[in-house]
Amino acid sequence: VMRPPYGNIDVTTDAVLQAHGYTSVRWNADRYDWNMPGDDPKTTQTILERVQQQFNFIADQAASGKVFNQSILDLNHDFQDTTTSAVQDLITLVKARGYEFVT
């Protein structure tokens, strides 16, 4: 599995990865934690609120018949202390909504 830097990948690069047995993994939800103060306790709360917003969006789409199944591929950065400290709460929040983590 390989996450391309910045999520940038083209058809040629993807073909080379596949030829060598790799799968490119990208995300559909970026919390922009990389752009938040890493030492501000409010950042952790902001990250959790943004995850909740994603759940609300999915629920609204499902209620209107637009989306019936959704995966959340969440981008977070381990260089932010506030992000790493939010991971356990993120896991709890995701599982409480009925999602499961898979590889």
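Close-up 1. Leu90 touches Ile47, Leu48, Val51 and Asn76, leaving aside residues up to four places away in sequence; a contact here means heavy atoms within 4.5 Å. Leu90 sits in helix 3, and helices (H or I, at least four residues) and strands (E, at least two) are DSSP runs numbered from the N terminus. With 8% relative accessibility, Leu90 counts as buried, a label that means under 20% relative accessible area, while exposed means over 50% and partly exposed is in between (1.4 Å probe, protein chains only). Pro5 is 85 residues from Leu90 in sequence and 23 Å from Leu90 in space, C-alpha to C-alpha. This is a predicted model, with pLDDT of at least 70 needed for local features and 80 or more for side-chain atom pairs, whereas totals for chains, interfaces and linings use all residues. Residues are numbered from 1 along each chain as its sequence is written, and side-chain values use heavy atoms, with hydrogens and water left out.

**Close-up 2. The largest nonpolar core.** Eight residues make up this core: Met36, Ile47, Leu48, Val51, Phe55, Ala86, Leu90 and Val94. To count as a nonpolar core, buried Ala, Val, Leu, Ile, Met, Phe, Trp, Tyr and Cys residues have to be joined through side-chain atoms within 4.5 Å.

**Close-up 3. A nonpolar patch on the surface.** Tyr32, Trp34 and Phe79 form this one, and together they have about 360 Å² of accessible area (Shrake-Rupley method, 1.4 Å probe, only the protein chains shown counting as cover for residues). Patch members need over 30% relative accessible area and no salt bridge; nonpolar side chains (Val, Leu, Ile, Met, Phe, Trp, Tyr) are joined within 5 Å, like charges within 9 Å. A salt bridge would be a side-chain nitrogen of Lys or Arg within 4 Å of a carboxyl oxygen of Asp or Glu. Look for Phe79 in the loop between strand 2 (74-75) and helix 3; its relative accessibility is 52%, so Phe79 counts as exposed.

**Close-up 4. Helix 1 and the segment before it.** Tyr6 lies in the segment before helix 1 (11-19). Tyr6 isn't a glycine, yet its phi is positive, about 60°, and Tyr6 is exposed at 74% relative accessible area. At the start of helix 1, a side-chain oxygen of Asp10 comes within 3.2 Å of the backbone nitrogen of Thr12. Just after helix 1, Gly21 has a positive phi of about 85°.

Conventions
Polar contact = N/O pair within 3.5 Å; in protein donor to acceptor, adjacent residues only side chain to side chain.
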